[in-house]
Every structure is written in C-alpha cells, then in structure tokens.
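Dear colleague,

Please read them alongside the coordinates.

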Amino acid sequence: MIRRIFSFFSTLESRTYYVFTFLILVTILSTQLISYQFTQRSLTDATNAQKGYAMERLVHQIDSYMLTMENIAQTVIRDEGVQQYFSSQEANPELKEDISEYLASFLRAREDITTIALLGPSAKEVTSSPELEISPYAQVRSQEWYREALDSPGRTYISSAKVQNLFYGIYPWVVSMSTALRDQSSGELLGVLLVDLNFNRIRELSEPVMQDPPEYIFILDKNGDYVFHPKQQLVFSGIIHEPTEEILNMEDHDTPLEIDGRSYIGRTSSYAGWKIVCVTELYAGIDQWRYVQVSYASIGLVAFIVVGLMANVLSRSITHPVKQLCTIMQSVDKNNFDITAEIDATDEIRQLSDEFNIMLSKIRDLIDQIHHEQELKRKSELKALQAQINPHFLYNTLDSIIWMSEMGNNQEVVLMTSALARLFRISISRGREVITVKDELLHVESYLTIQKMRYREHFSYSIDVDESILTAPCLKILLQPLVENSIYHGLKHVSYQGHISIRGKRQQGSVVLQVADNGAGMDPQTFNHMLSEEFVGTDVARSGVGLRNVHERLKLYFGESYGLSCSRGEQEETVVSVVLPEHARVDEEEI
C-alpha cells in the first residue's frame, strides 16, 4: 500500500503537480479559513450589536409597561371609593360592589391583567369579580408578595413567575405586583393591592426582537428566579436548564455568553432590576449565514479547480519538455542518432536541449569517423586477401604448364599461360575495385580455361549473359570464388561430367549474375552457414578468396541489402545468385 502511494510520486510531473497543488491548496484553505473566520466574526458582531440595540429597546418597552402597571396600581389605591371603603370601620356592600366593578373595568381594558384584588388587614377583601373567591387555605397575609408590600412602603413589589393559588378553581402562571394601600390623609396602612399579570404583553413585546425559532427571550429577577420563560413548565420541571448564574454575572455591554452552541445576550431593566436575556443558536440568527457558507464553499471549490488546472498546466509546462528530452534520449539509447531535440520550453531546458544536440552531433561525427575508419580498414583487409592467390592453384597451374611443355603441347602451354596472365592482369586492374561485367566475365573465363585444362573432360561450362549489362559496374574477382566453390564442392567428387553455367540479366532495375552447377548440390541452409562467422577458418570456406569474402565485399560496397543467395534451379541444380545495383556509387579512384 505504501509502495503504491509512493508510486504516484515516482515521476517529476506527478511530484511537481502534487507539490504545487498541495501548496496552493494549503494557501487557499488558509485564506478561506481566515476570511471565513473574519466574516463569521464580523457578521456575529454586527448581529450581536443589532440584537443588543433591539434588546435595549425591549428593556425600555418593558420598563414602560411595568411603569404603566404601577400607574394603574397607584390609580386604584388613590381612588376615593377605595379609600372610603377600607378606611371605614363598617362594611358597605354597595360600595364594595362598585369597587369590584371598578377593578373589573381594568381587566376588560387590558388582557394582560389576570386579576386585581384589594386585601385589608382584617377580613375586608375586594376582587375584580364577585365570582373570584379567595381560598381560606391560601394564607394570604403570610405570602411573600403581601409581606414585601407592607415592608416596602411607597415601593411596588414584583414577584417572580409563579402559579397563583389565591383563588378557588383557577391557577394561572402570573407575575404579581403588590403595593401597600394607605390612607391618603393620615398614611395609615389600610391593606395591600394585588395585580396579577399574565405573560401576553411580555410575549408581544419580545416577538419583534426574536427571529425564527429556536431564538427566544426569558427574564430573570435579581435572585436568578424566572420572571418569564416561553417554556415555563419545562423550566420549572427541570427539563430545560439555563446558565442563570453566568447570566447574572454578565454586564450589559459584555461579549455575548456562548455556551453549548448558544449565544446569550443580556440587558438589565432599570425599573424592575430584571435581567432580560435573548437566546439564539450560534449563527442561526444570521440570515445571510447559509449564503455565506455556500459562497465560501463555492469560491473555494472553484478556486481549487482553477488552481488545480493551473498547477497541472504549470507542471506539464515544466515536465513535458523534460519528458520530450527523455524520449529523445531513449531513442538515442536505441542507436537512433539521426534525431534532433527541438523543444519549445523555458530558457534552461532549451539550453539543455541545445547542449544535447551539440553532444549528439559530436557523437554522430565520431560514429561516422569510426565507420569510415572501419570501412577503410575492412577494404584494406579485403584487398590484402584478394592479393593472396591460392598457392595451391598457382602451383598446380605452373605444374600443369611444365607438364604440357615436356609433353610438347606447346599450343596448350600458350593457351594456359595466356589465361593465367589475363587472370592476373584483371585481378590487378590498376588498383580499382570496380570493373565492368565484361571484364569480370573475362576474368572468370580465364579461370575456367585453366581449370578445364587441368581437369580435362571432368566438367564443361557455358556463359550466357545479356549484352545490355556488359558495361554495368561490378566488383572484381566476384564470380571466380563462386566458380571455384562449384568445382571443388560441387563437381570434383561426382562420377559424371558436370556443367557450370554462368548467366546474367537485368531484372527490376538491378543486375543479376548467377553461377549454377549440377554437382553434388548444396541446400540454402548449408550455404548460409558457410557465410556465417563461425564458419570462417575452415577448409571449406577457404576456396579462393572465399564465399564470405565476396558476401562481405558486396555488403560493404553496395549496402546491407546486397550479398549472395543460394537456391535450387529447375533442373535441381545449385544456383548462387549475385544482385548488383544498376548504377554503383564508389570513390572515383576506385573506378
């Protein structure tokens, strides 16, 4: 697995691409993260500031509302009928009924008031409805709101949220306001005014500040008790917990409190001393936040794709010329020295390719020089080999001349001596390597004349060459080794009279010379083996200057596509063919 992972970095292109992509990706992610955090903080600060302004307006509205409620309470306790009823020692049912109707008018005017009750120190009690009967088990005068009103003359007491159990049959969630009822002239304590408020008005005031759920507002008193909570029952049952202690320690202009993914913004009521708290899910109140997140993700994705493509183009622009140069080097490694590195790249790689071309040019010059030197060396060796006339052939020829001379066969002596002289004259050819086909035929005919006189009636020969090729260029001493091979390996050991046929013609723009014999025969595989290197040095291969010598000379002078070939003729004869170019190109001093 690790090896497979590292294989992705095995090339310069992949390493460059991945390094560039990684660095750019890190840069993009860092920039995106910083920008994201900055935008997040900016939007959060702006939202918190906006929310703070809204909370200050809400606090002002709640203070105004509570002041209105206090004014209502003051209006009630200053009412002439209320003062008269509670300051009188005698009960006045009609006046009580008027006061009850008077209190009921406030309930009809304001839906946020649940009940209003006037409670004297003794049994005098007036409620906003005759149907409201105070429970004897409520122990009214021992309840906190009653005692606090008596202990705080001239100040209105506001309780925390609670279930009111003062009346039979109804148990609403309320906030109780209580204030002492005193005689306006003497200041004598006459009782306590109780105003129970429901949460409708507080909820109405909070709604413009709150956005969509899960945002909500709750109110704590100075002691951390709940005055209002939209989920009052869940809070008092312990299902929902708020960090009341931390909230009470907050100042109005502190950074919002962030706990468990929620943001708490608090403002303090100057009238009631309440802590009014707005709770939002972090970033949930930012209308544009989803758009911001999608925008940043889209920008990051587009930037990554664009930069990835740019990194790919950049890495390719660096590595592609290098790969081109490597491909060219691999071609040179396969002995292709004719190629040239033409690379359109940066200055450094272009300079490298230019230096490579210079080096390649020098290598080609050196190879050409070595080939030329090897060719000259090979030609010298072949020329030296051609000059080495088989001593056995020369000895046998001279011995035959002496024998014929002693026998008085002067005419045959002259014929053999003339043929030998002509053989040597054409072999020398003034140092030229290329002669005409006509001269080569005279050379091989002189050789056949000598051999026929030596072997008498052992074989016959014929020469049938198209006159149109007699002037065509030909390597000297080309046919004699082939004839020698036919005599010594084809006809020498047969019991019948053999025949050697020399043929020549023009075929498909080339000159074809053939030497055929009806001797013992040779299959093409054996013939090709005789031309191979492992056959060199054997007795069979050293007939004349040798078949392989002729084969290599043809390839050396005319190219690798030329040489000797062997086949079987129509009469089951062995045919050795030589294909020559119609127009040979050699050095001038060799013509």
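**The second largest pocket**

The lining of the second largest pocket divides into 7 nonpolar, 8 polar and 7 charged residues, where Ala, Val, Leu, Ile, Met, Phe, Trp, Tyr, Cys and Pro count as nonpolar, Asp, Glu, Lys and Arg as charged, and the others, Gly among them, as polar. Please bear in mind that this is a predicted model, in which local features need pLDDT of at least 70 and side-chain atom pairs count only at pLDDT 80 or more, while totals for chains, interfaces and linings use all residues. Residues are numbered from 1 along each chain as its sequence is written, and side-chain values use heavy atoms, with hydrogens and water left out.

The second largest pocket holds about 530 Å³ of space, and of its 22 lining residues, those closest to the centre are Tyr 157, Ile 158, Ser 159, Ser 160 and Asp 221. A pocket here is an open set of points on a 1 Å grid over the protein atoms alone, where a 1.4 Å probe fits, with protein on both sides within 12 Å along at least five of seven lines, and lining residues have an atom within 4 Å of a point; the volume is the space filled by probe spheres set on the points, which are joined across faces, edges and corners. Helix 5 (144-151), strand 3 (157-158) and strand 4 (162-163) each supply at least two lining residues, helices (H or I, at least four residues) and strands (E, at least two) being DSSP runs numbered from the N terminus.

**Helix packing**

Axes are lines fitted to C-alpha atoms, for helices over the stretch in contact, and angles run from 0 to 180 degrees between N-to-C directions. By class, the contact of helix 13 with helix 14 has 7 nonpolar, 3 polar and 3 charged residues, contact meaning heavy atoms within 4.5 Å.

Helix 13 also meets helix 12 (residues 410-428), their axes coming within 9 Å and crossing at roughly 145 degrees, and the residues of this contact divide into 10 nonpolar, 4 polar and 4 charged.

Helix 3 (residues 80-87) and helix 4 (residues 93-109) pack at about 140 degrees with axes 10 Å apart, and are therefore oblique to each other.

Best regards

Technical notes:
Angles under 35 degrees count as roughly parallel, over 145 as roughly antiparallel, 65 to 115 as roughly perpendicular and the rest as oblique.
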